[in-house]
Amino acid sequence: FFFFFFFFFFFFFFFFFINFIFKIKNEYFFLFSIGIFFCFFFQFLLNISMNLGLTPVKGISSPLISYGGSNLISCFFSYLLIIKIFLLKIIDYEKK
């Protein structure tokens, strides 16, 4: 059950994140957001592959699911930076 929750939660999060990234019109913030996305996506893929037995088990924690430590602080800090990009209104909204 936890595996399905983990998978669908991150699928929804990555879909929202990619949808948000490709609307950014500033090149610096676009590259910054792509970098944060790949950091989280790599952690997600590595955790899924460890659970399926495809890679050896390492000590990489899952973003937003593992508790404590500096990883949780850095995850929340990077999410806050993405929210700040959203609040700066540098997103190119589609014209209706």
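Helices (H or I, at least four residues) and strands (E, at least two) are DSSP runs, numbered from the N terminus. Counted that way, the protein has three helices and zero strands, and its pattern along the sequence reads α-α-α. This is a predicted model, in which local features need pLDDT of at least 70, side-chain atom pairs count only at pLDDT 80 or more, and totals for chains, interfaces and linings use all residues. Residues are numbered from 1 along each chain as its sequence is written, and side-chain values use heavy atoms, with hydrogens and water left out.

Let us look inside. A residue is called buried under 20% relative accessible area, exposed over 50% and partly exposed in between (1.4 Å probe, protein chains only). Of the 96 residues in the protein, 31% are buried.

A nonpolar core is a set of buried Ala, Val, Leu, Ile, Met, Phe, Trp, Tyr and Cys residues joined through side-chain atoms within 4.5 Å. The largest one has 18 residues, and F10, F13, F14, F17, F40, F44 and I82 have the most contacts inside it. The elements giving two or more residues to this core are α1 (2–21), α2 (27–52) and α3, with α1 giving the most, seven residues. Contact means heavy atoms within 4.5 Å; beyond its neighbours within four places in sequence, F14 touches F37, F40, F41 and F44 in this sense.

Now for the rings. Rings of Phe, Tyr and Trp (its six-membered ring) pair if their centres lie within 6.5 Å; planes under 30 degrees apart count as stacked, over 60 as edge-to-face and the rest as tilted. The structure holds 11 aromatic pairs, and two of them are set out here.

| Pair | Centre distance | Plane angle | Type |
|---|---|---|---|
| F17 and F37 | 5.8 Å | 55° | tilted |
| Y28 and F32 | 6.5 Å | 20° | stacked |

F17 lies in α1 and F37 in α2, so their pair ties together parts 20 residues apart in sequence. F17 is buried at 3% relative accessibility, and F37 is buried at 7%. By contrast, Y28 is exposed at 57%, while F32 is partly exposed at 30%.
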